[in-house]
Every structure is written in structure tokens, then in C-alpha cells.
Amino acid sequence: MTVTFCNKKLQELYVKGFSDDYIDVPKKVLDDFLVGIEMAGSASNMKDLDFPPFKNLLQDDGTCTLFLYNGWKINLSIEFADEGNNVKVISLTNKNMGV
């Protein structure tokens, strides 16, 4: 699995578990964020990402929105490959906070 990020703060959140731009991310959301990325890396298709507690929605532009806990969601781009998926993390947002 290869993971890339649209911005350095998302990468910092993934690598370190915290980031100045995401200080209000609850522990449960951070855990779901990490699990969601790992699931995307090991999935063989989009259906693999659609089971409780997660739900995914394929977007018109080909990206996938993975719904997490309490209104949070990750937007990902996934290229499925036998030798390991390429996952690009586009955003982590919360409908209530505008993050």
C-alpha cells in the first residue's frame, strides 16, 4: 500500500496522531481515520469499504467519501492494484465544524 496526502497537515495527523490544523479531532475519529486509510489500502474493491461502522459513497469524480464517527468523513482516491493499493487522502472534514 502506498499512501499520499493532499496536504502536509493530513500526513502529520496520520504519522504522528496529531496536527495543529486538526486539534479538535476526537480520539474516536482519529482511530477511524487511521483504520479507514488502512482499509482502503487493503480493499479489493469499493464494497470492501462499506461495512459497519463505516459507510462509503462513490463520488462523481471517482473519489470515495468514507463516513466516520459523528459527522466526520474522509475523502479518498483509491487505485486498486494486486501489488498494493495506492491511496490518496484528499480531506478530513466535519459537517458541524467546517474543518
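Modeller: Strand β2 (residues 55-58) and strand β3 (residues 64-67) pair in the antiparallel sense, over four bridges. Strands here are DSSP runs of E with at least two residues, helices are runs of H or I with at least four, and both are numbered from the N terminus. Two strands count as paired if DSSP finds at least two bridges between them.

Before we go on, this is a predicted model: local features need pLDDT of at least 70, side-chain atom pairs count only at pLDDT 80 or more, and totals for chains, interfaces and linings use all residues. Residues are numbered from 1 along each chain as its sequence is written, and side-chain values use heavy atoms, with hydrogens and water left out.

Colleague: Fine. Which residue in β3 does Leu57 stand opposite?

Modeller: Thr65. β2 and β3 form a hairpin with five residues between them, and Gly62 in that turn has a positive phi of about 90°.

Colleague: And what does β3 do with β4?

Modeller: β3 pairs with strand β4 (residues 72-79) in the antiparallel sense, over four bridges. Thr65 turns up again there, with Asn75 as its bridge partner in β4. The β3-β4 hairpin has four residues between the strands, and Asn70 takes a positive phi near 55°.

Colleague: How many strands are in the sheet, and in what order?

Modeller: Five, in an open sheet ordered β1-β5-β4-β3-β2, with mixed pairing. β1 (2-5) and β2 are the edge strands, each pairing on one side only. Neighbouring strands are turned by 30° against each other on average, direction ignored. Axes for such angles are lines fitted to C-alpha atoms, for helices over the stretch in contact; angles run from 0 to 180 degrees between N-to-C directions.

Colleague: How many bridges join β4 to β5?

Modeller: Eight, with β4 and strand β5 (residues 86-94) running antiparallel.

Colleague: OK, helices. Where do they sit on the strands?

Modeller: Helix α1 (residues 8-16) lies across β1 and β5, at about 100° to β5. α2 packs on the sheet and touches β1, β3, β4 and β5, with its direction making about 155° with that of β5. Contact here means heavy atoms within 4.5 Å.

Colleague: What caps the N-terminal end of α1?

Modeller: Asn7 does: a side-chain oxygen lies 3.0 Å from the backbone nitrogen of Lys9. Just after α1, Gly17 takes a positive phi of about 85°.

Colleague: Let's zoom in on Val29. Is it buried or exposed?

Modeller: Val29 is buried, because its relative accessible area is 0%. The cut-offs are under 20% for buried, over 50% for exposed and partly exposed in between, using a 1.4 Å probe and protein chains only. Val29 is found in helix α2 (residues 27-42).

Colleague: What does Val29 touch?

Modeller: Leaving aside neighbours within four places in sequence, Val29 is in contact with Leu68, Tyr69 and Trp72. Val29 and Tyr69 are 40 residues apart in sequence, yet 5.8 Å apart in space, C-alpha to C-alpha.

Colleague: Which residues touch the most other members of the largest nonpolar core?

Modeller: Phe33, Leu49, Leu68, Val89 and Leu92, out of 24 residues in that core. A nonpolar core is a set of buried Ala, Val, Leu, Ile, Met, Phe, Trp, Tyr and Cys residues joined through side-chain atoms within 4.5 Å. The largest share, six residues, comes from α2.

Colleague: Switching topic: how many disulfides are there?

Modeller: The count is zero, where a disulfide is a pair of cysteine sulfur atoms within 2.5 Å.

Colleague: Last one. What is the side chain of Thr63 in polar contact with?

Modeller: The side chain of Asn75, at 3.4 Å. A polar contact is a pair of N or O atoms within 3.5 Å; within protein, one must be able to donate a hydrogen and the other to accept it, and residues adjacent in sequence count only if both atoms are side-chain atoms. Thr63 is found in the loop between β2 and β3, and counts as buried at 8% relative accessibility.
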